[in-house]
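Hi,

Here is the model I promised to pass on. Have a look at it first, and then read my notes below.

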Amino acid sequence: MRHSALALALAAFFATPVADAEPLSAAQMVDLLKEIDDRQRNSGDYKALAFIEQREKDKEKVVYETVIYRRDADDKLMILFLRPKAEAGKGYLRVDENLFIYDPGVGKWERRTERERIGGTDSRRADFDESRLAVEFDPAYVGEAKLGKFPVHHLKLTAKDGVDAAYPVIELWIDKATGNILKAQDFALSGRLMRTAYYPKWRRIESASKGTPVYFPEQIRIYDEVEKENQTLIVMRKVDLDPLPANMFTKAWLESQSR
Amino acid sequence: MSGFARLQLLVYMALRSLWAHKVKSLIVGSLIGFGTMLFVLGTALLDSIEGAIERSVVHSLSGHLQVYSADGKDELAIFGDMTMGGADWGRIDDFAVIDEVISKVDNVEAVVPMGINTAYMTRGSDLERTLGRMREMVRAGQVADARALVPKVKRLVGLLDADLRNQLVIAGEDSAAELKEKLARAERAASDALWATFDSEPLSVLEFLDTRVAPLAGEGRVMFIRYVGTDLGRFAEHFDRLKVVRGEMVPDGRRGILINQKYADRVLKIAAARLLDDLAEAREASIPIEGTAELAAKARRLKTQGGAIELMLDPDDAEALALKLATLLGVETERNGEALDLGVLLELFLTVDDDNAIARHAFFYEQVAPLVDVYPFSVGDVVTIRAWTRNNALKAVNVRVWGTFVFEGLERSELTGAANLLDLMTFRELYGQMTATDRAELEAIRDEVGVEFVGRDNAEDALFGGGDSVEIDIGADDDFDAVAEADLKREKRTMAVSEEFDAEMNRKGLVLNAAIMLEDGDRIAESKAAIAAAAEAAGLKLKVVDWQEASGVLGQLALVVRVILYIAIFIIFAVALVIINNSMLMATMERVREIGTLRAIGAQRGFVMAMFLLETLVLGLIAGGLGALAGAGIVIWLGNVGIPAQNEIMVFIFSGNRLFPTVGAEHLGLGVIIILIVSLVSTWYPARMATRVEPIEAMRGAD
């Protein structure tokens, strides 16, 4: 029931601007971003089995199997590496604005920045974390466009003052029909294009805690725009929204997994 | 007239003529002498410098020759380049294979495997490090020991609190709310309520401090470390300049790192110690601080280092040090009824000038250094070093510091001082070496997922060309417990490298390059060709370079200096040539009567020619000989007193703190021969003119 109501509300939301073929107003764009954020947020916990593969020219392929843990209500994130053996037990933990990495091989933690390449791939912390587009960025309308066969809104987002985003400027191509992001381009402060990411499929699952579905991209395909031969593929294989243990998002928990 | 008598006559005439034209002879002779002296001095110095650079390069890191993969995109630079370890020198997958081939080549003494790269170490903030120690103690069940560090944590939190309050005073409205929130965290960290729970829940207290408070206290330090991964035993055997100064050599078959003493003193040491070292050293050499811009800047920087020292002190030590500093500085420990702040005392102590620099340096090492960590680690400690693997993944390893070392004679050189020595196994781990098993494991994970890559050019059509909705409704979620399935506890670190190893494991495996030591270092070119031929015959794709090529710009230094000197000598000799030529031409004009008379009494043209040439030859021999002897004298004198190296680059070029040049017979011989050739060439044309003088012209002159 709630699901249908949301769908109806979304249809009404998108119908006006599309029908008139006019850009979205600033307020509508912010609402759109809030909607994108809200869809991906779960009021309870979130756990995903993610596969990450990196390909680079003249280098060995890098493949990881990881579990992503999120507690959106507390802004917490954890990425635990399961495979390959050499990486098993490694993990990232985000607490507040800090990202920590743990290496069981040396039993030590290290603080990393927003620009950390997760496992050395082209993915960043924000690719796995809850979506905070409306909170962290101001949108501007670039125009309407088509991506493959999909009509899209093309938006340009600029990071708000004081926000330490991995990329201060993002351009988004948002599916008019469903409101999902299909393509994103990340820019450095200098204006240089750094990454292009595609989100070909979005999945919805019911959340008992939230009452409405939670969205997540089934695949993220990231193309490095600096080292043109490099690309990263993220596949969210399974997602589980059941509550996680209360004390999970701690250094002690992550350490205990490999001890 | 016999040949000898003729020669005697010619020599006599030459000497007579030289004496008759004393001024001209003196000018031309001085020029010849000066040129020869410069040539002898220059070539002798250059040869000595070249030899010294060779000793610096060959016996510290490069060996006589280096080999690396022909697939490498960049040229080998043993002493570093601008890429911070990112250079692509290719890789040699199995050192044993090239060792086998190259060792058999004539004149090869040894092949030493190498892998040069850059890693980094971090030194967290003092709060982070103290909390880290407490966590380790708690994990080991030593809660009481951890509790002993609580006063230190409270003190550090107090300093953080004060710092945040200062920030709040000057903060604008935008950042005030954020600062207040941080301040609340710091207040909670100092509160008794929090510490009351430490005994019952130490880890949760530390968790809060670790993740929510420690990050407020700054970033700590990142120290980049350039290392040469090598078979340490083999390296020590063949690079005879290596000398362990503290600790011991890494034992065979064990992992470990040897830290370069120069790197430890210039990079690892805390800034206050480094700056005091520099200022005291300058004062010992009587260099004024105030009058030297660089030293004055260092003195200003030193004044700001009190805070860093204060953070490292335990509460009791801080109090004791405050008293000692007050006594030293002759100030009251109390001012206006309040105890004088240690920060103020430290700033006064670190205010160094020409008069107190040496004394403050001594006091620092006697009283302050024992209370703080001057170096981030000690010999015997296990340190964590991190590096990006070839695939850009961050790799961390724990490795024991067995000792520190110097390259003898090059202790002051920062070029050789930047290289640290690491065992080969750890290098391979940091490089991200993969085995066939590792690759198979990755392939199995990929197969499980079964998603293919899409090329960037057709990505949009391939991904969005179908037109179906991008949304998939999967209803319920997946219940999974991948962590339990993976069983992380049993999974240990990769077996691609071993904790302990034998010589054969060290020999078999990945390296990036290898140094080749020759039995006879004078046969470099010949051995280089022989090794290249042997490698090619064995089907190995290797580049073979000599030490000059392998050391990049440094190796070319001697060549550059030589070119500059040769240009200078060429100019001097060219000037000499013109002057001699002109003087002889004028002499010819003046001596037309004499020549005509000689011709009239039967002297042939050849005799006249020989007369002129011999005159210059005699002058060249006398002046050139004297010049060569003067040059040799100067070199011998310099060889006794030594030429001091003014800076660390000169230390490398001189292969020590002083260069003691030597001169050989070849320098003198070559100098004299070249000046004689120049003299003869410059006299050739005037002599030819003289031969054309007819006897009749002498008669006319008489009229």
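**Where domains 3 and 4 of chain B meet**

Two salt bridges are counted between domain 3 of chain B and domain 4 of chain B. One thing to keep in mind throughout is that this is a predicted model. The side chains of B:R129 and B:D373 meet in a salt bridge, at 3.6 Å from N to O. Between domain 3 of chain B and domain 4 of chain B there are also three residue pairs in polar contact, with both residues at pLDDT 80 or more.

Which helices of chain B each supply at least two residues to the side of domain 3 that touches domain 4? They are α4 (126-139) and α6 (150-170) of chain B. Of the elements on that side of domain 3 of chain B, α6(B) gives the most, with five residues. By class, the side of domain 3 of chain B that touches domain 4 of chain B has three nonpolar, no polar and four charged residues.

As for the extent of the interface, seven residues of domain 3 of chain B are in contact with nine residues of domain 4 of chain B. About 680 Å² is buried between domain 3 of chain B and domain 4 of chain B, and carbon and sulfur atoms give 52% of that area. B:D126, B:K152 and B:R155 supply 67% of the area that domain 3 of chain B buries against domain 4 of chain B, more than any other three residues.

For orientation, the domain assignment of chain B places domain 3 at 125-219 and domain 4 at 286-374. Domain 1 of chain B is made of 3-56 + 555-702, and domain 2 of chain B of 71-123 + 220-269 + 381-437 + 500-540.

**The two domains of chain A**

Chain A is split into domain 1 (2-42 + 129-234) and domain 2 (45-128 + 242-256). Their C-alpha centres, for domain 1 of chain A and domain 2 of chain A, are separated by 23 Å. In this pair, 22 residues of domain 1 of chain A are in contact with 25 residues of domain 2 of chain A. Domain 1 of chain A and domain 2 of chain A bury about 2200 Å² between them, with 41% of it on carbon and sulfur atoms.

Four salt bridges are found across the interface of domain 1 of chain A and domain 2 of chain A. A salt bridge in chain A joins the side chains of A:D75 and A:R132 (3.5 Å, N to O). The interface of domain 1 of chain A and domain 2 of chain A also has 14 residue pairs in polar contact, both residues being at pLDDT 80 or more. On the side of domain 1 of chain A that touches domain 2 of chain A, the elements that give two or more residues are β14 (219-224) and β15 (231-240) of chain A. β15(A) gives the most to that side of domain 1 of chain A, with four residues. The side of domain 1 of chain A that touches domain 2 of chain A divides into nine nonpolar, five polar and eight charged residues.

A:E130 sits in the loop between α3 (125-128) and α4 (133-136) of chain A. Is A:E130 buried or exposed? A:E130 counts as buried because its relative accessible area is 5%, and the cut-off for buried is under 20%. The side chain of A:E130 makes a polar contact with the side chain of A:R41, at 3.0 Å. Beyond its neighbours within four places in sequence, A:E130 is in contact with A:R41, A:R70, A:D72 and A:D75.

**Salt bridges elsewhere**

Over all chains the count comes to 68 salt bridges. B:D210 forms one of them with A:K251, with the closest N and O atoms 3.6 Å apart. B:D210 lies in helix α9 (residues 202-213) of chain B and A:K251 in helix α5 (residues 251-256) of chain A, so this pair joins two chains. Both B:D210 and A:K251 are buried.

Within chain B, B:D99 forms a salt bridge with B:R507, the closest N and O atoms being 2.8 Å apart. This pair links distant parts of the chain, 408 residues apart, with B:D99 in helix α3 (residues 95-103) and B:R507 in helix α23 (residues 503-507) of chain B.

Best wishes

Terms used:
Residues numbered from 1 in each chain as written. Chains lettered and ligands numbered in written order. Predicted model: local features only at pLDDT ≥ 70, side-chain atom pairs only at ≥ 80, totals over all residues. Heavy atoms only, no water. Buried < 20%, exposed > 50% of the residue type's maximum accessible area, 1.4 Å probe, protein only. Polar contact = N/O pair within 3.5 Å; in protein donor to acceptor, adjacent residues only side chain to side chain. Contact = heavy atoms within 4.5 Å. Domains from an automatic or database assignment. Buried area = accessible area lost by both parts, 1.4 Å probe. Nonpolar A, V, L, I, M, F, W, Y, C, P; charged D, E, K, R; others polar.
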